[in-house]
Amino acid sequence: MARSGYALPGPDEVEQLYALASARPPLSGDTDVAATYAALYDLALDRADLAAVTAREVGELIGVCCGHRWNWTEQTDEWSQDLAERLGDDAAQLEGSFAVQLLAVHPSFSRQGLGFELLKRLMIASAASVHWLLTPDADTSARRLFRRMGYRPLTVGPEAPNGEPGVVLVHG
Ligand SMILES: CC(C)(COP(=O)(O)OP(=O)(O)OC[C@H]1O[C@@H](n2cnc3c(N)ncnc32)[C@H](O)[C@@H]1OP(=O)(O)O)[C@@H](O)C(=O)NCCC(=O)NCCS
């Protein structure tokens, strides 16, 4: 699986970037959420199929988007089981798909199309025909970006890293 960008960031860099990216309303900087994303990213670093696209400015990480393939037989954790139950028959749509795990852009570089570009490049690099992600069920910049890219809601829940029920969006 392709890994593009300057270098794969470390979990600390990801945590720092997510904390900055989510510091403003409506996400309003819950540092536990940044730590949760960093921990999930750390786990994903062990996966051979992790794909990541990064943007750097003078070496500093200013944007990251990453994810991995999704096969239900591999996803035996409680969260994934909860997701499968909520999806019911729709779970089949995600088999062999690509799960977008993380997208964050530094606030100094936001609203310039970088988030769109990172996600677009990751989707192309993934070579999958179906992509999905979980995002807070709120009117965020991310939600509008995903809608613009053609993502559509599949189900509500399970919980997003902010502890609230997220919305599962699917593309393809
Ligand atoms: C969501 C996020 C990644 C978007 O990154 P971004 O680089 O700002 O994304 P884009 O620039 O592609 O689009 C964002 C906005 O900029 C606007 N925009 C894009 N290009 C633009 C340009 N050249 N000039 C002016 N505005 C532009 C878009 O219309 C969009 O507007 P909206 O928020 O009112 O809908 C970023 O806000 C972020 O990191 N948020 C916190 C973390 C998060 O929510 N991650 C996703 C959770 S699943």
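## Around the ligand

The shell around the ligand is made up of 10 nonpolar, 8 polar and 2 charged residues. Here Ala, Val, Leu, Ile, Met, Phe, Trp, Tyr, Cys and Pro count as nonpolar, Asp, Glu, Lys and Arg as charged, and the others, Gly among them, as polar. In total, 20 residues surround the ligand, with Ala21, Ser110, Gly115, Ser141 and Arg144 as the closest; a residue is near if its C-beta atom, placed from the backbone, lies within 6 Å of the molecule.

Please keep in mind that this is a predicted model, where local features need pLDDT of at least 70, side-chain atom pairs count only at pLDDT 80 or more, and totals for chains, interfaces and linings use all residues. Residues are numbered from 1 along each chain as its sequence is written.

## Which elements contribute

At least two shell residues each come from strand S3 (97-105), helix H4 (114-126), strand S4 (131-136) and helix H5 (141-148). H5 gives the largest share, 4 residues.

These elements belong to a protein chain with 5 helices and 6 strands, arranged along the sequence as α-α-β-β-α-β-α-β-α-β-β. Helices (H or I, at least four residues) and strands (E, at least two) are DSSP runs, numbered from the N terminus.

## The chain as a whole

The C-alpha trace of the protein chain spans about 45 × 35 × 30 Å along its principal axes. Of the 172 residues, 34% count as buried, meaning that 20 or more other C-beta atoms, placed from the backbone, lie within 10 Å of the residue's own.

Notes. A residue is buried if 20 or more other C-beta atoms lie within 10 Å of its own, exposed if 12 or fewer, and partly exposed in between; C-beta atoms are placed from the backbone.
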